[in-house]
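Me: I have a model open and would like to learn how to read a few of its features. Please take them one at a time.

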Amino acid sequence: MAAPLFARYIPPKNTAPKPTTTTFPTLAPVEPKSEETLEKKPKRSKDRPKKRKREIEGDAEEQEDKEKALKKHKTVLSKYEKSSKLADLVRESSKIAPEEQTQKDPTPELHSADLTPLPQPAQVPEPDYQPTFSALPPWLAKPIIVSSSTKTPFKDLELDPKLVEKLEKKGYTEALAVQSAVLPMLRPGPQQHIGDICVSAATGSGKTLAYILPMVEGLQGRVVTKLSGLVVVPTRELVAQARTVAEQLCVGTKLKVGTAVGNVSFASEQEGLIKRGKRYDPESAKSLHEKANEQVRTGFVERGGILDDLMDMLPEHIPHYESKVDILICTPGRLVEHLQSTTGFHLRDVRWLVIDEADRLLDQSFQEWVDVLSNALEAETPPDQLSARKKIFLERQWPREGRELTKVVLSATMTKDLSKLGSLKLRRPKLVLVERDENNANSSVSGVLVSGDGDSFELPSTLKEWVIPVGDGLDKPLYLLDVLQTRILQNSREKKTLVNWKKDSVEEDMSSDSDRSDLLSSDSESSESPASSTSEDSDLLQSEESDSENNSSSDSQQHNRSQKQKLTMKTVGASPVESRVLIFTNNNENASRLSHLLSILHPPLKGILGTLTKSSATNSSRKILAAFNKGKIRVLIASDLASRGLDVPGLAHIVNYDLPRSVTNYVHRVGRTARAGKEGQAWTFYTKTEGRWFWNEIARSSAIRRARKVERAAADPEAVSEKMRKTYEAALKELQLAVEGRTGRAIER
């Protein structure tokens, strides 16, 4: 058998003889173990297999690498230690050197006693930083300031004589400040502004007439009815108010005014806005029929629209749509619905776009109405719907005619938020700001920027504001009833003075108040207008005086009663006999509850009390507002719905029963009175927890410019007497029973 190719090498044994020496054990010093000895390999266990030569060589190489790394780190560490020692030596030497120098070489003084320091120039003071720029664009930072006392006769504004005659018949001979400034900018002439206009003016300053008048004048010469004027307002009440003004000015012209709100069915509104006809066009009819057949073949049939109307057309005829109105006044939500669902409704012919109460409309999205409106205004007319003039321009490739679109943005609290104003895509805008005379000195007329970049509001100069603290607010209806009886709803015998009386007994107080309210109720029911109510009141007063002369006993009783009455508060203002009051609450529930409580606490108020809420039907709201305007309703309780743009002629008082949630809401609420230069009073109730916010944010805020300070008034303590509180508790129980009977469930008070 052949031997194996690789045999294991066995080194020869050393056979040299060892010298035999006798050694004795000696004690040698113990040397410290080196790193090599410490890093000895552990003994191999019996179960562990022996390493081969290759594994041994690999372990040796790893060991050499580790030793090199350790040597490298040792060299770096030694260099670091040397450098740190040198740094410490240098630092110590630098500390010792100045001390030795001061001890060995003391420096002599440079100045002697007879030398004086050289005079130095005075330090130039740094001027206060005044920025030469504004965060706002120039048209917002430097608006056109108009004095609120400015008035111009309509004849001097070069208006259409027919329109001037209509205004004079209505009793309007002079244009107010906002009208005097805006009308020349919107009419053709040397002062016309080619661009968009933003108007910021106090409530009741005549903004509605300022944009309706130039719109009617510019469109009255049209022969073909087209939707040329669009007015967007936030509420239905403002729609009705703007429509009344527009219809009065459109009398004698061919202009038609329409509205789009949610008070009627959508189909009836579509019929009132769009007129459907037919037009002979074989090519368009063929393409529409092919499109309809394709939908039938694929199964995706479009319901409604032009294809649905195509089924009723004669052969080779297509539907043709025309607008039935020239001016449309609508709310944003209804406008979006018509743009998306009404066939033939478009805004391609609109020349006037008015956005009233813009701050509220821009704060709320309303189905993203701004984007939908902008897309509809910028949409191009389909080729089959072009006019003959535009078709000629298109065939000959002539440049298109520029579209004349004027945007008018109005608000009593105009926002300066560029992100909101930018969504309107204004073109060369200008801002018209109406202010009082004393504020013009700090305005941009003299080249000074408008104070601050934040929002600021201005109240009418004829407005007088009163505040009444009501404690914790549990007895607030009693305070309101006292204010109504003693300061707002006046008896003609009180000689038009607002006096708070203190009676000797609660019984006499209740009897006198009921008599006074009975008189007011009878007056309001018999009156048809403010003018006729005054004459009827005088006749009623004369008849009552004759009756009192015939009845001496009643006269003596009245005399004794007047002797018992004592005056506890000063006269706080004058008010007409037929004064009306608008009471604001924060929601519909509070308005309904307050109306029910007042009618129970004081039954004579039931005949002159009305409630206006958002949930009310449009027809009923219109009837309530008409009765309030005529004086049949003297006390109107409304939610914040009525605080925007509602115009009630001759309204002398408003009451903030619930404190408004913001400064803007307060400005719009009090703006319902003191309109068009007339006097008005605003009463505000606040509780202990609301007092600090009211005084800091409203009464003493620099954001609200007012002609006079807010005054505090105290209610009569007898208004919250024990007997009145018992009556109030009974009224609350009756209200609870009424609600439980209506809803079928109990309520928590």
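Me: Is Lys-425 buried, exposed or partly exposed, and what decides that?
Reply: Buried means under 20% relative accessible area, exposed over 50%, and partly exposed in between, with a 1.4 Å probe and protein chains only. Lys-425 has a relative accessible area of 45%, so the residue is partly exposed. This is a predicted model, in which local features need pLDDT of at least 70 and side-chain atom pairs count only at pLDDT 80 or more, while totals for chains, interfaces and linings use all residues. Residues are numbered from 1 along each chain as its sequence is written, and side-chain values use heavy atoms, leaving out hydrogens and water.

Me: Which phi does Glu-316 have, and where does Glu-316 lie?
Reply: Glu-316, also not a glycine, has a positive phi of about 60°. Its place is the loop between α10 (305–310) and β8 (317–323). With a relative accessible area of 41%, Glu-316 is partly exposed.

Me: How many disulfides are there?
Reply: A disulfide is a pair of cysteine sulfur atoms within 2.5 Å. The count here is zero. Cys-250 is buried, at 7% relative accessibility, and Cys-330 is buried at 0%.

Note on methods:
Helices (H or I, at least four residues) and strands (E, at least two) are DSSP runs, numbered from the N terminus.
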